[in-house]
Amino acid sequence: MPSSISGIDPNAPPPEVIDESIVSTSKAEQIIKHGLESLTRAVELVPTKASEYAMDIYELLLFALGNSYITVGLESIYTKNILDLQQSRNLFNYDLKFDYLNHLTTISGILYLFSMSIQKIMFPFVVSSNASKNKLIALTNGYLSNCEVGIDLILQDTVSLISKKTISILSAQGNDYFQQRELTQDTTETCEQITNFLIEVNSEVSKILSDSILEKE
């Protein structure tokens, strides 16, 4: 069919594939900024409905930034980088990469920015209404808790992948392989593989996560 009828241009470049696991602080700031600007305009027009408008805009902001952006990012990180590997029986020949942990750092920063914006700017508009105040607190705390659970799950399963990779290295060799063949031999090849792997993991992950998170995990 002609492109004018089908609506498809055969010479058009393929659509850009968006990686939903990549979140942007600048985009998050824009979403928050637009939400707060809308709230300011609404309150200027009808100051008597400040609490009502604040809740309406807050719920829109929570959906646009939270459920449609951050939550999707967390789910995409897990699906793309962890889920398939968790189902794999052997990771011996698989080179684990931890670049996705950078996205967790970005998401944590966005969540902090979001919570501070709500606390410092939106909360004062709803404090006069107990119903609105309680609803805003409950929704915010609930969402932040859910995100914390998601981040913790990714970190815990990352540790599980590291353990699984270590077990795969051990399982690749027979039992007699671990017996020293020479009296001067201090380690086996398998031991060296595991040692090098763990050193590489520590080197890569320590560049991304803070010392407190590493100690906790």
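This report walks through a predicted model of one protein chain, from its overall make-up to a few individual residues.

## The chain as a whole

The secondary structure of the protein chain comes to 7 helices and 0 strands, and along the sequence the pattern reads α-α-α-α-α-α-α. The chain has 217 residues, and 34% of them count as buried.

How do the contacts relate to the sequence? Among contacts between residues at least 6 apart in sequence, 81% join residues at least 24 apart. The accessible surface of the chain comes to about 13,800 Å², and 55% of that surface belongs to carbon and sulfur atoms.

## A look at helix 4

Where along helix 4 is the kink centred? It is centred on Gln 119, with an angle of about 35 degrees.

Buried residues of helix 4 include Leu 104, Ile 107, Ile 110, Leu 111, Phe 114 and Ile 118. An α-helix has 3.6 residues a turn, so residues three or four places apart point the same way. What covers the buried residues of helix 4 includes helix 2 (25–45), helix 3 (50–87), helix 5 (130–171) and helix 6 (189–205).

## Rings and a charge

The structure holds 1 aromatic pair. Tyr 58 and Phe 114 form this pair, which is stacked: the rings are 6.4 Å apart centre to centre, with 20 degrees between the planes. Tyr 58 lies in helix 3 and Phe 114 in helix 4, so the pair ties together parts that are 56 residues apart in sequence.

Are these two residues buried or exposed? Tyr 58 has 0% relative accessibility and therefore counts as buried, and Phe 114 is buried as well, with a relative accessible area of 3%. Elsewhere, a charged side chain meets a ring: Lys 165 lies over the face of Phe 197, at 5.8 Å from the ring centre.

## Two residues in loops

Now for the stretches that link helices. Asp 19 has its place in the loop between helix 1 (3–6) and helix 2. With 26% relative accessibility, Asp 19 counts as partly exposed. Leaving aside neighbours within four places in sequence, Asp 19 is in contact with Ser 76 and Lys 80. Asp 19 and Lys 80 are 61 residues apart in sequence, and their C-alpha atoms are 9.6 Å apart in space.

Tyr 100 sits in the loop between helix 3 and helix 4. Tyr 100 is buried, because its relative accessible area of 4% falls under the 20% cut-off. Which residues does Tyr 100 contact, leaving aside its neighbours within four places in sequence? They are Ile 77, Asn 81, Ile 82, Ile 154 and Thr 158. The C-alpha atoms of Tyr 100 and Ile 22 are separated by 8.4 Å, although these residues are 78 residues apart along the chain.

## A cysteine in helix 6

One last stop is Cys 191, which is found in helix 6. Cys 191 is partly exposed, with a relative accessible area of 34%. The C-alpha atoms of Cys 191 and Ile 169 are 8.9 Å apart in space, while the two residues are 22 residues apart in sequence.

Notes. Residues are numbered from 1 along each chain as its sequence is written. This is a predicted model: local features need pLDDT of at least 70, side-chain atom pairs count only at pLDDT 80 or more; totals for chains, interfaces and linings use all residues. Side-chain values use heavy atoms; hydrogens and water are left out. The bend at a residue is the angle between axes fitted to the seven residues ending there and the seven starting there. Helices (H or I, at least four residues) and strands (E, at least two) are DSSP runs, numbered from the N terminus. Buried means under 20% relative accessible area, exposed over 50%, partly exposed in between (1.4 Å probe, protein chains only). Contact means heavy atoms within 4.5 Å. Accessible areas come from the Shrake-Rupley method with a 1.4 Å probe; for residues, only the protein chains shown count as cover. Rings of Phe, Tyr and Trp (its six-membered ring) pair if their centres lie within 6.5 Å; planes under 30 degrees apart count as stacked, over 60 as edge-to-face and the rest as tilted. A charge sits over a ring if NZ of Lys or CZ of Arg is within 6 Å of the ring centre and within 35 degrees of the ring normal.
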